[in-house]
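Hello,

Here is the structure that I am handing over to you. My notes on it follow below.

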Amino acid sequence: MQSPESQFCTFTVAEELAFGMENLGLPQNEMKRRISQILDAVGLPGLEDRRLSTLSGGQKQKIAIAAVLVMSPKILLLDEPTANLDPVSRKEILDLILNLQRERLFTVIIVEHNIAEIIDAVDSLTVFDENGAVISTGCMESDKTLVIPELEPETTGFAPPDSSEPILEIKNLSFSYPGMDMPVLADFDLSINRGDFLAVLGANGTGKTTLLKLIFQILKQNSGQISFQNKPVSSIRKKTLYESMGLVFQNPEDQFVANTVHDEMFFSLKRTRTSREVKEARIKDMLSRFHLEETLEKSPFILSQGQKRRLSVAVMLLTGQKLLFLDEPTFGQDHENREELMKDMQTLAADGVTGVMITHDLSLVQRYASRVVEISDGKVLYDMPAEQYFLPERGL
Ligand SMILES: Nc1ncnc2c1ncn2[C@@H]1O[C@H](COP(=O)(O)OP(=O)(O)OP(=O)(O)O)[C@@H](O)[C@H]1O
Ligand SMILES: [Mg+2]
């Protein structure tokens with residue numbers, strides 16, 4: 001399924017991988033063997049005893065895929081299986097699926113927005129329009145142009161801000177999860193400047209989401225400082241902190257609080273001191289910008305993944321914070337929605353809003369971000385203007 005969490009039915013990695021095989025009645029040692037083999041194949045060796053709730057977004061997705069592959073299915077249905085994966089993992093997982101498919105000759109049906117990398121391996125393609133009608137099916141060659149969007153030529157992102165006035169500063173930050181040997185972040189330093197549109201990159205499980213949780217004090221660091229406008233975030237009242245900085249969670253459902261889309265948006269405007277009419281007008285405008293008009297009276301929890309993602313971003317853009325953090329805001333979005341979201345971020349940046357976006361989508365980063373920070377091994381590996389990050393000699 002598109003959202004890995006919705007299909008987990010056990011507590012640990014090994015239990016989840018064994019679940020289907022138990023139903024097939026496979027012997028214990030065969031299950032053990034297959035589990036260790038598939039964990040190697042998806043790049044998560046030795047994780048048998050980890051609790052699923054402690055995996056990163058991308059790690060969850062890999063386990064969800066592993067749990068079906070391990071059963072040697074005859075037909076494999078995949079709903080955007082790589083939306084949360086970093087580019088290297090994405091290629092590895094797609095190659096794994098395609099190799100297994102060739103080896104064992106099973107059928108694969110895959111729902112995807114990002115198809116450039118798999119298109120050559122695909123035998124037939126079906127395209128739906130926004131009303132669910134099939135607009136084309138069958139022959140590959142004639143359909144390719146329909147679904148592979150022409151990207152705008154190599155434009156560069158925002159110009160970096162003229163001055164570098166830090167709005168958020170992180171110094172010597174270290175953090176490890178209780179009971180884990182390896183720290184996730186170790187002596188981590190980063191300074192976010194007013195007016196940045198900063199892209200944060202890094203492989204699955206490097207600690208990007210953890211970093212956001214530390215900034216918002218959902219987790220407490222072991223050592224080091226995080227300061228917002230020169231004040232330690234630990235000394236700022238939660239309410240004040242959340243009025244100053246906004247966060248779009250990696251999993252949209254984690255942030256929904258109301259029973260309808262309308263109420264969800266209204267809730268986020270609660271603290272804004274304007275009349276009801278003005279609020280309703282802003283909601284209406286936001287709904288239409290994010291193509292959510294039809295969903296007004298629906299529960300946020302029953303929307304499609306793409307709609308949930310758009311709602312979670314729209315809700316945050318309503319509130320007028322000066323510093324916004326978005327954890328993979330474009331996953332599950334088609335090309336048009338991704339571009340629109342980025343244009344919205346550009347508009348906000350022009351209004352003086354600082355944006356920090358965690359993403360695995362390098363093409364968006366290249367075209368929209370002003371600065372790139374890549375995290376590896378608990379530290380900042382690269383920190384440079386986007387233009388420089390993508391210079392051809394760096395071989396990306
Ligand atoms: N509660 C927890 N207990 C133990 N380990 C955890 C916990 N939460 C996360 N981890 C581990 O910490 C590491 C960093 O996780 P994090 O979610 O920050 O990664 P990420 O960079 O956001 O990855 P992704 O790109 O997959 O979303 C991962 O190896 C993850 O398995
Ligand atoms: Mg994450």
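**Helix 1 and helix 3**

Helix 1 crosses helix 3 in a right-handed manner; a crossing is right-handed if the near helix is turned clockwise from the far one by less than a right angle, and left-handed if anticlockwise. Helices here are DSSP runs of H or I with at least four residues, numbered from the N terminus.

Before the rest, two notes on the source. This is a predicted model, in which local features need pLDDT of at least 70 and side-chain atom pairs count only at pLDDT 80 or more, while totals for chains, interfaces and linings use all residues. Residues are numbered from 1 along each chain as its sequence is written, and chains are lettered from A and ligands numbered from 1 in the order in which they are written.

Two packed helices are described by the angle between their axes and the distance between the axes. For helix 1 (residues 13–23) and helix 3, the axes come within 8 Å and cross at roughly 30°. That makes the two helices, helix 1 and helix 3, roughly parallel (angles under 35 degrees count as roughly parallel, over 145 as roughly antiparallel, 65 to 115 as roughly perpendicular and the rest as oblique). The axes are lines fitted to C-alpha atoms over the stretch in contact, and angles run from 0 to 180 degrees between N-to-C directions.

On the helix 1 side the residues are Val13, Glu16, Leu17, Phe19 and Gly20, and they meet Ile63, Ala66 and Ala67 in helix 3. Contact means that the C-beta atoms of two residues, placed from the backbone, lie within 7 Å. By class, this contact of helix 1 with helix 3 has six nonpolar, one polar and one charged residues (nonpolar: Ala, Val, Leu, Ile, Met, Phe, Trp, Tyr, Cys and Pro; charged: Asp, Glu, Lys and Arg; polar: the others, Gly among them).

**The two domains**

The domain assignment gives domain 1 (4–114) and domain 2 (166–394), with bounds from an automatic or database assignment. Their centres, taken over C-alpha atoms, are 28 Å apart. Each side gives 15 residues to the contact between domain 1 and domain 2. On the side of domain 1 that touches domain 2, helix 3 (57–69) and helix 4 (87–104) are the elements that give two or more residues. That side of domain 1 has four nonpolar, eight polar and three charged residues.

**Ligand 1**

Which residues come nearest to ligand 1? They are Thr54, Ser56, Gly58, Thr209 and Thr210, out of 19 residues around the ligand (a residue is near if its C-beta atom, placed from the backbone, lies within 6 Å). Helix 3 and helix 6 (208–215) are the elements that give two or more residues to this shell. The shell draws at least three residues from each of domain 1 and domain 2. By class, it has four nonpolar, 14 polar and one charged residues.

**Helix 8 and its partners**

Helix 8 (residues 261–268) packs with helix 10 (residues 305–317) at about 30°, the axes being 8 Å apart. Helix 8 is therefore roughly parallel to helix 10. Val261, Glu264, Met265 and Ser268 in helix 8 meet Leu311, Ala314 and Val315 in helix 10.

With helix 9 (residues 276–289), helix 8 packs at an angle of about 120°, and the axes are 10 Å apart. Helix 8 and helix 9 are therefore oblique to each other. Here His262, Met265 and Phe266 in helix 8 meet Lys279, Ile283 and Met286 in helix 9.

Regards
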